[in-house]
Amino acid sequence: MTAQIIDGKAFSTQLRSRVAGHVTRLKEEHGITPGLAVVLVGDDPAPEVYVRNKGRQTIEAGMNSLEHKLPTETSQADLFALIEQLNSDPVIHGILVQLPLPKHLNADLVINAIDTAKDVDGFHVSNVGLLGTGQNAMIPCTPLGCLMVMRGHLGDLSGLEAVVVGRSNIVGKPMAQLLLGDNCTVTIAHSHTRDLASICRRADILVAAIGRPEMIPGDWIKPGATVIDVGINRIARHGKQQLVGDVDFSSAAEIAGAITPVPGGVGPMTIACLLANTVTACCRANGLPAPEGLTL
Ligand code: NDP
């Protein structure tokens, strides 16, 4: 193996420690405790574990964590009423509605009902617009974490050729916007892209956000490239359940200069960025300057 393994856990530990430091200062100097509300609709066990992790890490960082678990059959009106209540609650600085929602609920309308200032996932159409126009947006957690890792690993990204495979609203598109903001030359690829292999081979930075296990082999990677694997796929191998990314790690690690593993790459940064966004939202809500090192 030639590639350097980028340690996302170490990056996330550093970020969570900066978050905790800011939380302590907010409490001691201003008597304010940042609060994050997470809304989970339905009883699917996978998001439930993720929500539990969020709650635990929020409390470990010294913040208040509120969880609202609603039954699958919750109506849109009842969900709106809860969001309205959280929007007007002064002790709540961040609101996250766990996606996906049950099919009878309109996720776009629900997300756009969240106060933009409390939209710590950065999915509200106003925050999407602010990010797209290079203004002060709340940045979606996964791409924010990826960019922090890239800057930490590569320093200045100006002029680098970046290829983002995947164009979802929560990962691919905001990732491409952030890379553009950092002066990369950006290509976004998707399921209709022709000759994906040769497009990937151009990339100094290759971001895979596809949701297809080990789809990108080593011979699609430019020698020395930095590979950021966002994919989280559960597969059965040798009779065991295993988590793998969208990149074939073993062949990619022979060619890339650096690569994020799955698990332990960008995954841990997502929750750390959620905590960071909550502290940023809390500071803004209280007219305090943006805290150092928590956003871009
Ligand atoms: P989506 O399913 O919303 O988007 C997948 C994207 O990949 C689409 O744009 C799709 O193209 C594209 N795609 C699918 N198949 C191909 C193909 N054969 N060739 C090229 N492009 C293709 O997924 P998400 O963006 O939500 O998530 C992507 C991955 O990242 C998943 O594995 C998910 O679990 C993971 N994830 C990880 C997070 C973390 O914390 N680390 C957070 C969020 C997601 P098209 O638009 O044309 O359909």
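## Cysteines

In this predicted model, the sulfur of Cys283 sits 5.6 Å from the closest cysteine sulfur, which belongs to Cys282. Cys283 is buried, with a relative accessible area of 5%.

A search of the whole structure finds zero disulfides. Cys200 is likewise in no disulfide. The cysteine sulfur nearest to that of Cys200 is in Cys184, 15 Å away. Cys200 is buried, at 1% relative accessible area.

## The open sheet

Six strands make up an open sheet. Their order is E1-E11-E8-E7-E5-E6, and the pairing is parallel. Two strands are at the edges: E1 (4-5) and E6. Each of these pairs on one side only.

Strand E5 (residues 161-165) pairs with E6 in the parallel sense, over five bridges. Within this pairing, Val164 has Ile188 in E6 as its bridge partner.

## Helices on the sheet

Helix H6 packs on the sheet. H6 touches E1, E7, E8 and E11. The direction of H6 makes about 155° with that of E8.

Helix H7 lies across E5, E6 and E7. H7 runs at about 170° to E5.

## Salt bridges

How many salt bridges does the model hold? The count comes to six.

Asp182 forms a salt bridge with Arg151, and the closest N and O atoms are 2.8 Å apart. This pair links distant parts of the chain, 31 residues apart. Arg151 belongs to helix H6 (residues 141-154). Asp182 is in the loop between helix H7 (172-181) and E6. Asp182 is buried, with a relative accessible area of 14%, whereas Arg151 is partly exposed at 33%.

The side chains of Lys222 and Asp204 meet in a salt bridge, 2.8 Å from N to O. Lys222 is in the loop between E7 and E8, and Asp204 is in the loop between H8 and E7. The two residues are 18 residues apart, and the pair links distant parts of the chain. Lys222 counts as partly exposed at 31% relative accessibility. Asp204 is also partly exposed, with a relative accessible area of 22%.

Arg237 and Glu214 meet through their side chains in another salt bridge, 2.6 Å from N to O. Arg237 is in strand E9 (residues 233-237), while Glu214 is in the loop between E7 and E8. Again the pair links distant parts of the chain, here 23 residues apart. Arg237 is partly exposed, with a relative accessible area of 29%. Glu214 counts as partly exposed at 23%.

## Positive phi

Most residues other than glycine have a negative phi, and most peptide bonds are trans. Which backbone values are worth checking against that background?

Glu214 has a positive phi, near 55°, in a residue other than glycine. The loop that holds Glu214 runs between strand E7 (205-208) and strand E8 (226-229). Glu214 is also the salt-bridge partner of Arg237.

Asp195 is not a glycine either, yet its phi is positive, at about 50°. Asp195 is found in the loop between strand E6 (185-189) and helix H8 (196-200). Is Asp195 buried or exposed? Asp195 counts as exposed, at 51% relative accessibility.

## Cis peptide bonds

Leu99 and Pro100 are joined by a cis peptide bond, with omega about -5°. Pro100 lies in the loop between strand E4 (94-97) and helix H4 (107-112).

Val262 and Pro263 are also joined by a cis peptide bond, with omega about 0°. Where does Pro263 lie? Pro263 is in the loop between strand E11 (258-259) and helix H10 (267-285).

Terms used
Residues are numbered from 1 along each chain as its sequence is written. This is a predicted model: local features need pLDDT of at least 70, side-chain atom pairs count only at pLDDT 80 or more; totals for chains, interfaces and linings use all residues. Side-chain values use heavy atoms; hydrogens and water are left out. Helices (H or I, at least four residues) and strands (E, at least two) are DSSP runs, numbered from the N terminus. Buried means under 20% relative accessible area, exposed over 50%, partly exposed in between (1.4 Å probe, protein chains only). A salt bridge is a side-chain nitrogen of Lys or Arg within 4 Å of a carboxyl oxygen of Asp or Glu. A disulfide is a pair of cysteine sulfur atoms within 2.5 Å. Two strands pair if DSSP finds at least two bridges between them. Contact means heavy atoms within 4.5 Å. Axes are lines fitted to C-alpha atoms, for helices over the stretch in contact, and angles run from 0 to 180 degrees between N-to-C directions.
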